[in-house]
Amino acid sequence: MEEHESSSTPAFPGSSPGKPSGVRTVRVGVNWTRAVHLPIIRQMLRDGQADFVEILIDNFLHVEPEDMATALDGAPVAFHIMHSRFLERTEAQLAFMASRIRTMARELRPFYISDHLLRFTVDGREVPFLPELDYGRTYDLVCQRVTSWQEQLGTPVLFENYPSIFDSGLEQPAFLERLFRETGAGLLFDVSNAVCAHRNCQLPLAAWDTLLERSTHFHVGGYEPSSEAPFVSLDLHGSPLADDTLDYLGRVFSRTSTAATISVERDNHVELEPWRADILAVRARWEQHA
């Protein structure tokens, strides 16, 4: 993989979304997490509903990149990583995944590579949920691991904001600002995650404004209430985009001049028409506020 300068908007040579001079445009994409969803994704690409596909790349590391390109009819792509567990694994344990992602990136030339800042274990024990970082105690470790993971991947990485539940999440924006400043990583801003954090722990939406000024790539998806008390909002990607999410998305679009892509996520109840409706709602907000 070619070497790249540190940037908050990583991209591979020739992969930049680009914008016509003087015209504000945004590419609206869909996420691909499972092979079974390919027919729906291909349909949205053919119909012009989707401009690109964000691939959950760790679910497809066994597939040859040329086969991926053929399956998507050569559509532009981005890479999203869910289970690298780079904060908990050694460089040696991450070596195969990093090498494979680099190989696929050389062939598929993604707009960006993104990952998550979260834990998969607590005190060495597997847990049935993915806990948020302890922002007050983990900065040095996270900074070191982010730097190392970017070096292994050969590119700056975007990290998605967490849909905080507890009051400790109030520290998240400041933590990320410092981390990105000191590592060259960037933000993959998930609009619905920010709304969930606002609903759950009253993290002000305005707390993200500084980070939004430099953000280029975005996520949005549906959230749902938890099934048991204490009732909180969970980013499950299986329901229509909520009104407060769409309202905040309009504000985001009006505040940032750097938006290049937004992936409209569906992981549950993946059906063509509801997904199309979400995409149309996102495009309508862009037309209103860009």
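Is Asp 247 buried or exposed, and what is its relative accessible area?

Mentor: Asp 247 is exposed, with a relative accessible area of 52%. Exposed means over 50%, buried means under 20%, and partly exposed lies in between, with a 1.4 Å probe and protein chains only. This is a predicted model, in which local features need pLDDT of at least 70, side-chain atom pairs count only at pLDDT 80 or more, and totals for chains, interfaces and linings use all residues. Residues are numbered from 1 along each chain as its sequence is written, and side-chain values use heavy atoms, with hydrogens and water left out.

Now the partner. The side chain of Asp 247 meets that of Arg 285 in a salt bridge, 3.3 Å from N to O. Asp 247 sits in helix 8 and Arg 285 in helix 9 (residues 272–289), so the pair ties together parts that are 38 residues apart in sequence. A salt bridge here is a side-chain nitrogen of Lys or Arg within 4 Å of a carboxyl oxygen of Asp or Glu. Helices are DSSP runs of H or I with at least four residues, strands are runs of E with at least two, and both are numbered from the N terminus. Arg 285 counts as buried, at 18% relative accessibility.

Helix 8 has another such link. Asp 244 and Arg 199 meet through their side chains in a salt bridge of 3.1 Å, N to O. Arg 199 belongs to helix 6 (residues 191–201) and Asp 244 to helix 8 (residues 243–255), so this pair ties together parts that are 45 residues apart in sequence. Both ends are partly exposed: Arg 199 has a relative accessible area of 42%, and Asp 244 has 26%.

Helix 9 also takes part elsewhere. Arg 266 and Asp 278 form a salt bridge between their side chains, 3.5 Å from N to O. Arg 266 lies in the loop between strand 12 (261–265) and helix 9, while Asp 278 lies in helix 9, twelve residues apart. Arg 266 counts as buried at 2% relative accessibility. Asp 278 is buried as well, with a relative accessible area of 5%. The search of the whole structure finds 13 salt bridges.

Ala 242 is found in the loop between strand 11 and helix 8. Ala 242 counts as buried, at 19% relative accessibility.

Helix 6 gives the most to the lining, with three residues. Strand 1 (27–32), strand 2 (52–56) and strand 11 (233–234) are among the elements that each supply at least two.
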